[in-house]
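Biologist: I would like to learn how to read charged pairs and nonpolar cores in a model. Could you take me through them?

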Amino acid sequence: MTGFLRVLAVDDEPPALDELAYHLRADPRVTRLHTAGNATEALRVLRDGDVDVVFLDIRMPGLDGMELARVLRRFARPPAIVFVTAYDDGAVDAFDLGATDYVRKPVRPERLAESLRRVVGARLLPTQPAVPAREEDPTIPVELAGTTRMLPRSAVRWVEAQGDYVRLHTADGSHLVRVSLAALAERWADAGFVRIHRSYLVQLRLIAELRLVNSGYVVVVDSTELPVSRRHTRELKDKLIRTAKQDWVR
């Protein structure tokens with residue numbers, strides 16, 4: 001199919017907006033392209049006509065990209081959102097908002113084409129009642145050998161703090177993401193992740209053992225021992241016991 005997507009590109013930097021618009025116009029799936037230099041202009045465009053997808057910068061004066069995305073989610077027919085930014089520290093917030101993709105600047109044509117493919121795939125799915133991404137299995141963009149991979153939260157076994165970043169450990173590797181461990185602990189609590197230490201967050205259902213060693217307690221996840229701080233030990237024991245009791249009565 002060609003020429004069926006109505007697109008809005010929003011960026012407060014004219015050179016970046018021009019480059020983004022150039023690549024979007026070159027894609028045969030785009031039938032109409034609007035541009036806006038800020039959130040006010042973007043809302044004016046959206047007021048005057050329907051748009052299928054908004055390619056949105058995050059750091060803008062006034063209403064920034066995240067705030068604009070929250071406004072768009074309240075539309076009766078919200079457009080898909082693709083964030084286009086030079087920074088990686090907004091990735092988790094972006095996917096909490098249900099973003100279709102998260103593209104790093106400078107924008108490569110092939111990466112932009114992949115974003116449009118994802119938008120098309122999402123728009124062509126059978127219509128279902130809207131479910132916020134956080135209630136399903138939200139994905140997190142991670143870089144792997146120069147390729148952005150969408151990592152589902154369910155693949156994360158445990159999380160390790162590393163300065164201003166966290167390392168997401170999966171069954172087959174690990175990925176560095178710019179977000180604080182405290183922020184993930186709050187956002188992922190409902191998904192079963194528990195804080196066991198100032199530096200570690202673990203998926204509770206994957207804990208195979210809670211073991212006492214000379215220096216204190218450790219948990220075992222995928223044959224890896226992770227330390228449990230004294231302040232988190234009692235709460236962790238209680239959660240493990242409650243979870244086990246729930247499994248017994250099922």
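Predicted model: local features only at pLDDT ≥ 70, side-chain atom pairs only at ≥ 80, totals over all residues.

Biologist: Which residue meets the side chain of Arg157 in a salt bridge?

Modeller: The general idea is that side chains of opposite charge can pair when their charged atoms come close. Here the partner of Arg157 is Asp222, with 2.8 Å from N to O. Asp222 sits in the loop between β14 (216-221) and β15 (224-228), while Arg157 sits in the loop between β7 (147-152) and β8 (158-162), so the pair links distant parts of the chain, 65 residues apart. Asp222 is partly exposed too, with 37% relative accessibility.

Biologist: How many salt bridges does the structure hold?

Modeller: There are 16. Another of them joins Asp11 and Lys105, whose closest N and O atoms are 2.7 Å apart. Asp11 belongs to the loop between β1 (5-10) and α1 (14-25), and Lys105 to the loop between β5 (101-104) and α5 (109-124), so this pair ties together parts that are 94 residues apart in sequence.

Biologist: Is Asp11 buried or exposed?

Modeller: Asp11 is buried, because its relative accessible area is 3% and the cut-off for buried is under 20%.

Biologist: What about Arg211 and Glu209?

Modeller: Their side chains meet in a salt bridge as well, at 2.6 Å from N to O. Both ends are partly exposed: Arg211 has 30% relative accessibility, and Glu209 has a relative accessible area of 36%. Elsewhere, salt bridges that share partners join Asp101, Arg111, Glu114, Arg117 and Arg118 into one network.

Biologist: Now to the cores. Which residues of the largest nonpolar core touch the most other members?

Modeller: A core of this kind is read as a set of buried residues joined through side-chain atoms. The largest one has 25 residues, and Leu8, Val10, Val54, Leu56, Phe83, Ala94 and Tyr102 touch the most other members. At least two residues of this core come from each of β1, α2 (39-48), β3 (53-56), α3 (65-72), β4 (80-85) and α4 (91-96).

Biologist: What does Leu56 touch, leaving out residues up to four places away in sequence?

Modeller: Leu56 touches Val10, Gly65, Leu68, Ala69, Ile81, Val82, Phe83 and Val84.

Terms used
Residues numbered from 1 in each chain as written. Heavy atoms only, no water. Salt bridge = Lys/Arg side-chain N within 4 Å of Asp/Glu carboxyl O. Helix = DSSP H or I, 4+ residues; strand = E, 2+ residues; numbered from the N terminus. Buried < 20%, exposed > 50% of the residue type's maximum accessible area, 1.4 Å probe, protein only. Core = buried A, V, L, I, M, F, W, Y, C linked by side-chain atoms within 4.5 Å. Contact = heavy atoms within 4.5 Å.
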